[in-house]
Amino acid sequence: MSKREFQTEVSQLLQLIIHSLYSHPEIFLRELISNSSDALDKLRHLTLTDEAFKALPFDPRIGLELDEENKTLTLSDTGIGMSEDDLVSNLGTIARSGTKNFLSQLSGDAKKDSNLIGQFGVGFYSVFMVADRVEVISRKAGEEQAWRWTSDGKTGFDLEPADRLVAGTTVIIHFNEEGSQYANSWRLQEIVKKYSNHIAFPIFMTYDKSEWNADEKKSIKTRTTEQVNAASALWRRSKSELTEDDYKELYKSITGDSEDPLFWFHTKAEGSLEYTTLFYIPSKAPLDLYQAEYKVGVKLYVKRVFIMDDAKELLPPYLRFVRGIIDSEDLPLNVSREILQQNRVLTSIKTASVKKILSELKNIAANDPDKYLKFSTEYNRPLKEGVYSDFANRETLLDLIRFKSTKAEGFTSFAEVKSRMKEDQKSIYYITGGAESLLRTSPLLEIYKKKDLEVLILDDDIDEIIFGGIDKYGDVELKAVSKASTSDDLKDEAEPDKAEALKPLLDKLKATLGDRVKDVRASVRLADSPSCIVSDEDEPSMQMQQMLRAMGQTDFPAPKPTLEINPDHEIVKKLLARPNDALAEDAAWLLFDQALLMEGVPLKDPASFVQRLNRVLTQSI
Ligand code: ADP
């Protein structure tokens, strides 16, 4: 037997792992299984590519054998194995470049270091968090001699010749006090399922299974071997190998949803970054879609090993309804949350994933409108949030969102609205601020109806905020019908002499309404109603002001609306003819109040409104 000392860096690293990573000792199993899986991958590659290894048997399996009494766990694989030299260099030194550099950055402050260490795969050495002695018996594929490596993880290791029937590696873990919690078959199965369920190779566990024996009326322990993982990283297979049912089954197993997904996008990226993504759109929006503390639906894997399922940085918040998997080849197994936030690899994957999801949605919208309608019904609103928050993809998102409109049944798109524009139409119009029924009957729409211009009905509470920030769709301007300035499409209606004739009445109305209005003027947008209110281009609308106040924001000066009067309306004509009528003042207020009511703005003084209405009724009946 030969005694060897660990390279100084190994001792340092061991100290760190044991002291800094102690909060998650269970990861030792993930790391060892991942090593076995890599070793199996390597042997498979050799048997496929190297003449000398072609004849070797490849019977891939990973075994876990639990001895609860002696508190040992034996993990074995039929992978590539290690020679004597391999054992010395792999499990006695740190070969990886950058390691020394990494170690020199460590400060000895456990908290800081555990963040740093996340950038760095801890690998095999993590087993010393749970073990006071570890034996590794390994035989390299193509060699006859096996070797036993033994260590207490403190100063060094022993190396001696050993026997092993076939090539592969066996790791015998003698649990320490802290680790003895893992000498438990339930616990081990749970950890395997959590981290290694989709490792491509089967993991078998041998343990004493307790089963109730009806004849003897007691539970009997039987030594049992069972496969404990699903062993199918389905997403790693090529699309052509997978059936619709495979995809649906995987969806259900990762989400717990009993319904089939609406659709999915499966992508394998090769090149400077290697990763696989499989994204699903659930057929029903998740219940927590509008809660700040929504549950993340995308799981992060590194080389088929589960890493985490609660990383909000995997996709932007507006895509929080997406479910699925991101599996990267380029991230370290031990990547931490802090690191994810500024990780270049992940940022690239995220950017590409968002583009991919949006472009696939665009395809579906173009090729399967029925399916896309189902999608829009559930997810239109989060996509609108994207219009607001994802500047880089705004154009695409504008094409993906859907609207109600005065000219289409159900949902319509910007592209469709644009295609319906009249030859000389300058802008696309929309109305916001209230329920659909209120918007559809707004006096502001009258002129558009008369001129046969389409208006989008934007009845989501976030619409005004979102569309207020968008000036154009492509090269066409977007305009809110509630804004004071009228667009070119309406201007030809304005008849200057009519406005001139109206002036005495306008002055009178202004004098009566005083500081409740900014201005009173002749309208070009009304057909059937006598009056309406509009707000300035750069001011929040009346409804928006209401919303802001309801949310406790009162520190902005209340912008006043402009009252517009329909010169062709009977009431207006009569008022103009009889400026000194006893009811003129009541009429002024009634014109203003009814315009507010039609916009869904509650009256400041409903009692006065009713008194005026009653006075007018008394006169006219
Ligand atoms: P990493 O896996 O991140 O490289 P580890 O410390 O876990 O780091 O392992 C160091 C090296 O030891 C591996 O790169 C591999 O070459 C070798 N090794 C570990 N476990 C096995 C195994 N079960 N079979 C073959 N080689 C192994």
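**Figure 1. Loop residue D452 in the predicted model.** D452 is found in the loop that runs between α14 (446-450) and β18 (455-458); helices (H or I, at least four residues) and strands (E, at least two) are DSSP runs numbered from the N terminus. D452 is not a glycine, yet its phi is positive, about 60 degrees. Most residues other than glycine have a negative phi. With a relative accessibility of 40%, D452 counts as partly exposed; buried means under 20% relative accessible area, exposed over 50%, and partly exposed in between (1.4 Å probe, protein chains only). This is a predicted model, in which local features need pLDDT of at least 70 and side-chain atom pairs count only at pLDDT 80 or more, while totals for chains, interfaces and linings use all residues. Residues are numbered from 1 along each chain as its sequence is written, and side-chain values use heavy atoms, with hydrogens and water left out.

**Figure 2. Loop residue K303.** The loop between β12 (298-302) and β13 (305-308) holds K303. The phi of K303 is near 50 degrees, a positive value in a residue other than glycine. K303 counts as partly exposed, at 35% relative accessibility.

**Figure 3. Packing of helices α9 and α10.** Two packed helices are described by the angle between their axes and the distance between the axes. For α9 (residues 344-367) and α10 (residues 369-389) the angle is about 125 degrees and the axes are 6 Å apart. Axes are lines fitted to C-alpha atoms, for helices over the stretch in contact, and angles run from 0 to 180 degrees between N-to-C directions. α9 and α10 are therefore oblique to each other; angles under 35 degrees count as roughly parallel, over 145 as roughly antiparallel, 65 to 115 as roughly perpendicular and the rest as oblique. The crossing of α9 and α10 is left-handed, a term used if the near helix is turned anticlockwise from the far one by less than a right angle, with right-handed used if clockwise. On the α9 side, L361, I364, A365 and N367 meet P369, K371, Y372 and F375 of α10, where contact means heavy atoms within 4.5 Å. By class, the contact of α9 with α10 has six nonpolar residues, one polar and one charged. Ala, Val, Leu, Ile, Met, Phe, Trp, Tyr, Cys and Pro count as nonpolar, Asp, Glu, Lys and Arg as charged, and the others, Gly among them, as polar.

**Figure 4. Packing of helices α2 and α6.** Helix α2 (residues 27-49) packs on helix α6 (residues 185-196) at an angle of about 60 degrees, with 9 Å between their axes. α2 and α6 are therefore oblique to each other. The crossing of α2 and α6 is right-handed. I27, L29, R30 and I33 in α2 meet L188, I191, V192, Y195 and S196 in α6. Of the residues in this contact, seven are nonpolar, one is polar and one is charged.

**Figure 5. Packing of helices α20 and α21.** The axes of α20 (residues 584-598) and α21 (residues 606-620) are 10 Å apart, at an angle of about 125 degrees. That angle makes α20 oblique to α21. The crossing of α20 and α21 is left-handed. From α20 the contact takes D586, W589, L590, D593 and L597, and from α21 it takes F609, R612, L613, R615 and V616. The residues of this contact divide into six nonpolar, no polar and four charged.

Figure 6. G156 lies in β6 (residues 156-162) and counts as buried, at 11% relative accessibility. Leaving aside residues up to four places away in sequence, G156 touches R4, E5, F6, T150 and S151. V10 is 146 residues from G156 along the chain, and their C-alpha atoms are separated by 9.2 Å.

**Figure 7. Loop residue G469.** G469 lies in the loop between α15 (463-468) and β19 (472-473). G469 counts as partly exposed, at 45% relative accessibility. G469 and A499 are 30 residues apart in sequence, with a C-alpha to C-alpha distance of 33 Å.
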